Structure formats: structure tokens, C-alpha cells
Amino acid sequence: MNSLRSRPLFHLTLWRVREFTREPEALFWVFVFPVALALALGLAFKNRGEAVVQVAVEDAPGAVELMAVLDSAPNVAPVLVDSVEAGRRLRTGRVALVVHPGSSLVFSYDSTRQESLLARLITDRVIQEAGGRHDVRAIRERRITEPGTRYIDFLLPGLIGMGIMGTSMWGVGFGIVKTRKERLLKRLVASPMRRHEFMISFMLSRLLFLGLEVAVLLGFGALVFGVPVRGSLFSIVTISVLGALAFAGVGLLVASRTRTIEGISGLLNVVMVPMWICSGVFFAYSNFPEVMQPFLLALPLTALNDALRAVMLDGATFAATSPLLGIVLAWGVGSFLVALRIFRWS
């Protein structure tokens, strides 16, 4: 133990840990924000009854009869308005569909909106059934409510991956640039430490908070929403550690030559925001065009999220996630080696 305390790496890591705990803003983004986001999105997308669609009926001949038909359906909320108001409500998202009465009905809607497509299908079904259409085969519905198949079950591993990326990159990037700006790097370079020890100390300091961060999210998801963990906790911990080290390496690379807080803020956002959107944190990356899929699969956050979901929701073994973790580690090792080569002390 005494020999460890005499090592520069030990003191550098301890310095980074103490510096981090004295920053309330950092503690908020690491521990409070992911839980608040999980709670908000989990409540917003929790299982409810049958969807109710908002429909505007244009005030024209035949509108009264059409309103009576739609009003009788429990999953349609129609409103009678003039053509100008109907267009305004559709543009602002207050209704998902506008129905124009006449000898043949006209549906106006945005085909890129999921709620508009749903409104079009439900409204058409209600009108056709009122006109005497009979289904040839009876259809029954089975609502999916089992843990592991809901939106919150998909969301939580993505939030864990996003938190790992944010904690590692922001902590390392800001810490290095802050030290460089305060001209402490020039003093450290004159000390007996080695360059790689200085960089590794930033990465190790992130790991000390990683376990608590992941445990908070997993515990919150299990207690509040019943999110399952079907794989081993060892696999989740190991995947999280490897992800944190990899993103710490990326953070080192981004901060290796950056000199200002404003500069590191912009660069980190440029790197992270596309992955927030494209790596399957809040929705599946399969929604993007097919031509983009190879690029999205090569992103480190995509691989990390897929590995976490495979273990948590499918019960996959650690070995089964090794191809995904290979992508994560390739980014981390490559970034660290490049950062070690181009790093500036001033």
C-alpha cells in the first residue's frame, strides 16, 4: 500500500477524484439527470389504454353526420372547425388528421408522422364500419405489457450507455483543458511522472464513479418500472468499464490540443450529439436509411448500447457481446494512442 501511495499515478487519480466531487454541476449531470430523463420518458411512453387520435372535421355539407359517426368511436376525438382552422391545427400538431366531407371523403395528413398514420387508419376503419363494412375474419388484440418488451426497457440501457459516454468524455475533456488553461500542465511536465500516467489517471478517476452511476440507473429502473436484468451483473459491469475506458480515450483525443473551455465544449458536443441521435439511445437506429446502417453500427455508442441491451433484455453472455465490445475497444485504444502522440502540455 505504501508503494502504491508513492506512485505518481495514485496521486494524480486521487487529485482528479477530489476535483470532480467539488463540482456540483458534474455530479448533477452524472447522477441526477439520467434518472430524471428515465422517469420522464418512462412515464411519457408507459403502457396506456387504446390510443385516442385527434381529428379535425372541416365544416362543410355532411360534416354533422360525419361528426356523429366519429364521436361514437371511443378512440377518436373529433372537432368541427372551418378549413382555415383545420389547416392551422394540422400544421401545429394539435390534430393528426383533417377530414374533408363530401361525396368522397378526403384525408389530409403528414405521412411522415406516426400519429398521423395511426389516425388515418383508425378514422378510416370507423367510417367504413359505420357504412356497413364487415370484417371477414375476427381479430383479437393482445397488449404487450411484459417487462423486456416495453419502451422503458429499450430506453434504460441506452441511457446507461449515454451516461457512460458523457461521464467519461466530459470528465476527461474538461479536466485536461481546465488544467492546461490554469497552466498546471507545465508544472506537471517537470515532475517525475510519465505522460501515459497522467492520461491514465483521468481515465481511472472516471471508473470510480462509474459503478455508482450504473447502479443508480439499474436500481431506479428495476424499482420504479420493473426493468429486467436477465444477464449477469458481472457482464454489465465489465461492459460498462470497457465502455468508460474507451470513451475516456476518445475524450483524451478531443482534449489533446484544445486550449479553451469554449473549444472543448464545442468539440465534445460535435462528437457526442450525433451519437445521441443515431446510436439508438431514444429510438432504434434501424429507423435511419439502409445506406447509413454500416456507419451507425461502427459508432462506439451503438455497439455499447447493443451490448448492454443484449445482456439486460436477452440474457446474452459476455462472450456473445465480444464482437460489439471489439468495436468499442478499437475506438478507445486507437484514440488513446493518437492522443498520446499528439498531446500538448501548453
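Mentor: Axes are lines fitted to C-alpha atoms, for helices over the stretch in contact, and angles run from 0 to 180 degrees between N-to-C directions. Keep in mind that this is a predicted model. By that convention, helix H13 (residues 300-314) packs on helix H14 (residues 322-342) at about 145 degrees, and their axes are 8 Å apart.

Trainee: Which hand does the crossing of H13 and H14 have?

Mentor: The crossing of these two helices, H13 and H14, is left-handed. On the H13 side, the contact is made by Pro300, Ala303, Leu304, Asp306 and Ala307. H14 answers with Leu324, Leu325, Ile327, Val328 and Trp331.

Trainee: How do the residues of the contact of H13 with H14 divide?

Mentor: Nine are nonpolar, none is polar and one is charged. Asp counts as charged, so Asp306 of H13 is a charged residue in this contact.

Trainee: What makes H7 oblique to H13?

Mentor: The angle. H7 and H13 pack at about 135 degrees, with 9 Å between their axes. Roughly perpendicular ends at 115 and roughly antiparallel starts over 145. The value falls between those limits, so H7 is oblique to H13. The crossing of H7 and H13 is right-handed.

Trainee: Which residues of H13 make the contact with H7?

Mentor: Leu301, Leu304, Asn305, Leu308, Arg309, Met312 and Leu313. H7 brings a list that includes Phe154, Leu156, Ile160, Ile164 and Met165. By class, the contact of H7 with H13 has 12 nonpolar, three polar and two charged residues.

Trainee: At what angle do H7 and H10 pack?

Mentor: About 35 degrees, with axes 8 Å apart. The crossing of H7 and H10 is right-handed. Among the H7 residues in this contact are Ile164, Met165, Met169 and Val172. H10 supplies Ser240, Gly243, Ala244 and Phe247, among others. The classes are 13 nonpolar, five polar and one charged.

Trainee: What is Ile164 in contact with, leaving aside its neighbours within four places in sequence?

Mentor: Leu210, Glu213, Val214, Ser240, Gly243, Ala244, Phe247 and Leu304. Ile164 is also among the residues with the most contacts inside the largest nonpolar core.

Trainee: Why does Val69 count as partly exposed?

Mentor: Its relative accessibility is 25%. Buried needs under 20% and exposed needs over 50%. Val69 sits between those cut-offs, so it counts as partly exposed. Val69 lies in helix H4 (residues 63-71).

Trainee: What does Val69 touch, not counting residues up to four places away in sequence?

Mentor: Val126, Ile127 and Ala130. Gly131 is 62 residues from Val69 in sequence, with 9.6 Å from C-alpha to C-alpha.

Trainee: What share of the contacts with a separation of 6 or more do residues 24 or more positions apart account for?

Mentor: They account for 73% in this protein. Buried residues make up 43% of the 346. The secondary structure comes to 14 helices and four strands.

Technical notes
Residues are numbered from 1 along each chain as its sequence is written. This is a predicted model: local features need pLDDT of at least 70, side-chain atom pairs count only at pLDDT 80 or more; totals for chains, interfaces and linings use all residues. Side-chain values use heavy atoms; hydrogens and water are left out. A crossing is left-handed if the near helix is turned anticlockwise from the far one by less than a right angle, and right-handed if clockwise. Contact means heavy atoms within 4.5 Å. A nonpolar core is a set of buried Ala, Val, Leu, Ile, Met, Phe, Trp, Tyr and Cys residues joined through side-chain atoms within 4.5 Å. Buried means under 20% relative accessible area, exposed over 50%, partly exposed in between (1.4 Å probe, protein chains only). Angles under 35 degrees count as roughly parallel, over 145 as roughly antiparallel, 65 to 115 as roughly perpendicular and the rest as oblique.
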